[in-house]
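Good morning. I will go through one structure today, starting with its disulfides and then turning to its nonpolar cores. Please have a look at it first.

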Amino acid sequence: TLDDLKALAESSSWYELLEHAEDVRPSERQQPWKDLLEKAAVGTVGSLVEQKKNQEALAASEGILARFAALKQSKGFMAKRKDAGLAAFGECFTDAYSGDRCIDELDKFAKQDAGDAGLQFAAGKLVTDKGRFWTAAPPFFARAFEQPAQRKTGCKDESVVHSTLRALGQPADYDTTKAAATVAFDQCFDDMKDKLLAAFYASGGYEAQNLCAGLTKKKVSLTPFQTAYCQDQVKK
């Protein structure tokens, strides 16, 4: 009954509360039931995070979300999920042989809460600063910078700049290259312009092609030689 769940909440028996939450009749799952469910979900994941059982906390948060999809609307629960996920994936990147798996799983994790710009940015920073997978990070940053407020400091971040330039050195049809172009020329151009130009003057190959395409799109003033060079690069 709902009273049983309340009793479990009073003793902070969060795991047991979650196990029996669905014992309450659907017709009785009103706001008091929803509040207890949220407390139990936050308490369960939060307790595991506090114990630094990060992998268990991540697994628990994903299991809870799959079971109670409505919790995606809970700021408290999603914040705990973010804490658990970032800590767990930070550990994942310490294994030199798990990089690709970590990136793929982190990408799926972040996309589940795509509206949280802070999560997208922090995930990108894990990829660059923990994993050192520079070319894989731009999709995370591009999602983060969909919210202009995240650009204020994020566009100046050295890891963002470095990963963007590294990804621009790949073929233009790669998803990571497309994301880097979005960051460089749509979201962060004012902050990155000088570094993009500096890279352009020393560039060649794919990097030259991608930088030329972006600089031409932004109608940056180039010398006649640079303009001719870019025209040649874009045709390749």
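Buried means under 20% relative accessible area, exposed means over 50%, and partly exposed is in between, with a 1.4 Å probe and protein chains only. This is a predicted model, in which local features need pLDDT of at least 70, side-chain atom pairs count only at pLDDT 80 or more, and totals for chains, interfaces and linings use all residues. Residues are numbered from 1 along each chain as its sequence is written, and side-chain values use heavy atoms, with hydrogens and water left out.

Now the disulfides. A disulfide here is a pair of cysteine sulfur atoms within 2.5 Å, and searching the whole structure gives three. Counting bonded cysteines along the chain, the pattern is 1-2, 3-4, 5-6.

Cys92 and Cys102 are joined with an S to S distance of 1.8 Å. The torsion about their S-S bond is about -85 degrees, so this disulfide is left-handed. Cys92 is in helix H5 and Cys102 in helix H6, 10 residues apart; helices are DSSP runs (H or I, at least four residues), as strands are (E, at least two), numbered from the N terminus. Cys102 counts as buried because its relative accessibility is 0%, and Cys92, at 8%, is buried.

Next, Cys155 is joined to Cys188, S to S 1.9 Å. Cys155 sits in the loop between H9 and H10, and Cys188 in the loop between H11 and H12, so the pair ties together parts 33 residues apart in sequence.

Then there is Cys212 with Cys230, whose sulfur atoms are 2.3 Å apart. Cys212 belongs to helix H13 and Cys230 to helix H14, so parts 18 residues apart in sequence are tied together. The torsion is about -75 degrees, so this disulfide is left-handed.

On to the cores. In soluble globular proteins, nonpolar side chains tend to be buried together. A nonpolar core is a set of buried Ala, Val, Leu, Ile, Met, Phe, Trp, Tyr and Cys residues joined through side-chain atoms within 4.5 Å. Which residues touch the most other members of the largest one? They are Leu106, Phe145, Val183, Phe185 and Leu196, out of 46 residues. Helix H12 gives the most to this core, with six residues.

Take Phe185. Leaving aside residues up to four places away in sequence, Phe185 touches Leu168, Leu196, Asn210, Leu211, Gly214, Leu215 and Lys218, where contact means heavy atoms within 4.5 Å.
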